[in-house]
Amino acid sequence: MAFYAHQLVRGFSSSAVRNVVIKQVTIIGGGQMGAGIAQVAAATGHTVTLVDTSDDILKKSVKGIEGSLRRVVKKKFADKPEAGEEFIQKVLKNVSTATDAGAAAQSSDLVLEAIVENLKIKQDIFGRLDKLAPAHTIFASNTSSLPITDIASSTSRLDRFGGLHFFNPVPMMKLVEVIGTSATSQETFDSLLNFSKALGKTPVSCKDTPGFIVNRLLVPYMMEALRLHERGHGSKEDIDIAMKLGAGYPMGPFELSDYVGLDTMKFIIDGWSAAEPDNPLFAPSELLNKLVAEGKYGKKTGEGFYKYK
């Protein structure tokens, strides 16, 4: 009887999101990723509410979106400045801001989180919003490394929870990893795929495994380059040149690490190492730990493996 009741509830939950076209979007987090997603969603006709903890943060977010749009217009509307200005205003009209995530979620088809990579904070936010958002609302996380299943566990809508992992800078990068857990309904997954396509992105389907697809391949590659250098088998400059000229990569692994952020790399590899301590791909690096301890995170701090002006 309990099994039947569970299946019945699951059926009602799944039907709530069947054939839903995502138009109203709430994005939690006004940082670079959240603002980038908001820009792309607004530019493709979605109504977006961008949420953060203060109006000052949100003003900076909107200013950043406008600046990004002006760079787009400079290229796409070079001969039609009036049309370009009209495009900017049209996109900005689709973006509103709020400091009350609960109120914003009440009118949303999708609530997408793009905040700090902290499991408890993500769980707390979704746990609170789960009680306020409509039954049909889909929840999704933009996490790059945390298990979607763990984030979703704080809610009662496991079948309406998935991952949407965008890449930085969002307006330029075409890929979106769409992640489904063992509990994500097919209707929810299809809605997330269709939403990604509506943004003009190319979605790929992923299981809820560490790093999904891109980071599962990319982070161990960057870590192995680090270990190669630590063993004295190649300078960071030569390793970068070798991978750019030999493999055709636009950036070498050390350049890419500085771009991603050494603190982000350490966070990811520490999490994976804790989960799978015997996996040699996830072994930590003394050099990475040293640089992070010194506050040298890469381009964003002016120094990482390389120095930046």
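**Figure 1. Overview of the predicted chain, with 13 helices and eight strands.** The radius of gyration is 21 Å, close to the 19 Å that the globule rule gives for 309 residues, so the chain is as compact as a globular protein of that length. The model is a predicted one. Along the principal axes, the C-alpha atoms fill a box of roughly 60 × 60 × 35 Å. Of the 309 residues, 45% are buried. Among contacts with a separation of 6 or more, 66% are between residues 24 or more positions apart.

**Figure 2. Confidence along the chain and the segment 1-17.** The average pLDDT of the chain is 93, and 94% of the residues score at least 70. Over residues 1-17, pLDDT stays under 50. For this segment the model has 18 contacts beyond four places in sequence. Where pLDDT is low, the predicted coordinates should not be read in detail.

**Figure 3. Helix α4, residues 81-93.** The helix has 13 residues and spans 18 Å from its first C-alpha to its last, close to the 18 Å expected at 1.5 Å a residue. Gly 84, Ile 88, Val 91 and Leu 92 are the buried residues in view. They lie on the same side of α4, because the arc they cover around the axis is only 100 degrees. The face turned away from this buried side carries Glu 82, Glu 86, Lys 90 and Lys 93, which are exposed. Packing partners of the buried residues of α4 are α2 (32-43), α3 (55-76) and β3 (95-98).

**Figure 4. The largest nonpolar core and Leu 164.** This core has 35 residues, of which Leu 110, Leu 164 and Phe 166 touch the most other members. Helix α2 gives the most to the core, with seven residues. A second, separate core has 20 residues, including Val 51, Ile 148, Ile 151 and Phe 212. In soluble globular proteins, nonpolar side chains tend to be buried together. With residues up to four places away in sequence left out, Leu 164 touches Leu 110, Leu 112, Ala 140, Ser 141, Asn 142, Val 176, Glu 177, Val 178, Ile 179, Leu 192, Phe 195 and Ser 196.

**Figure 5. Phe 212 in the loop between β8 and α9.** The loop that holds Phe 212 lies between β8 (202-207) and α9. Phi of Phe 212 is near 55 degrees, which is a positive value in a residue other than glycine. The relative accessibility of Phe 212 is 5%, so this residue counts as buried. Phe 212 is also one of the 20 residues of the second core.

**Figure 6. Helix α12, residues 262-275.** The 14 residues of α12 reach 20 Å from the first C-alpha to the last, close to the 20 Å expected at 1.5 Å a residue. Buried in this helix are Leu 262, Met 265, Ile 268, Ile 269, Trp 272 and Ser 273. Their arc around the axis is only 130 degrees, which puts them on the same side of α12. Ala 274 and Ala 275, on the other side of α12, are exposed. The buried residues of α12 pack against α9 (214-230), α11 (253-260) and α13 (286-293).

**Figure 7. Gly 102 in helix α5 and Ile 121 in helix α6.** Gly 102 belongs to α5, residues 101-105. At 2% relative accessibility, Gly 102 counts as buried. Beyond four places in sequence, Gly 102 touches Arg 128, Leu 129 and Leu 132. Gly 102 and Glu 255 are 153 residues apart in sequence, and their C-alpha atoms are 40 Å apart in space. Ile 121 lies in α6, residues 119-130. With 36% relative accessibility, Ile 121 counts as partly exposed. Leaving aside neighbours within four places in sequence, Ile 121 is in contact with Ile 115 and Val 116. From Ile 121 to Ile 37 the C-alpha to C-alpha distance is 20 Å, and the two are 84 residues apart in sequence.

Technical notes:
Residues numbered from 1 in each chain as written. Predicted model: local features only at pLDDT ≥ 70, side-chain atom pairs only at ≥ 80, totals over all residues. Heavy atoms only, no water. Helix = DSSP H or I, 4+ residues; strand = E, 2+ residues; numbered from the N terminus. Expected span 1.5 Å × (residues − 1). Buried < 20%, exposed > 50% of the residue type's maximum accessible area, 1.4 Å probe, protein only. Arc of directions from axis to C-beta. Contact = heavy atoms within 4.5 Å. pLDDT = per-residue confidence, 0-100. Core = buried A, V, L, I, M, F, W, Y, C linked by side-chain atoms within 4.5 Å. Rg over C-alpha atoms; globule rule 2.2 N^0.38 Å.
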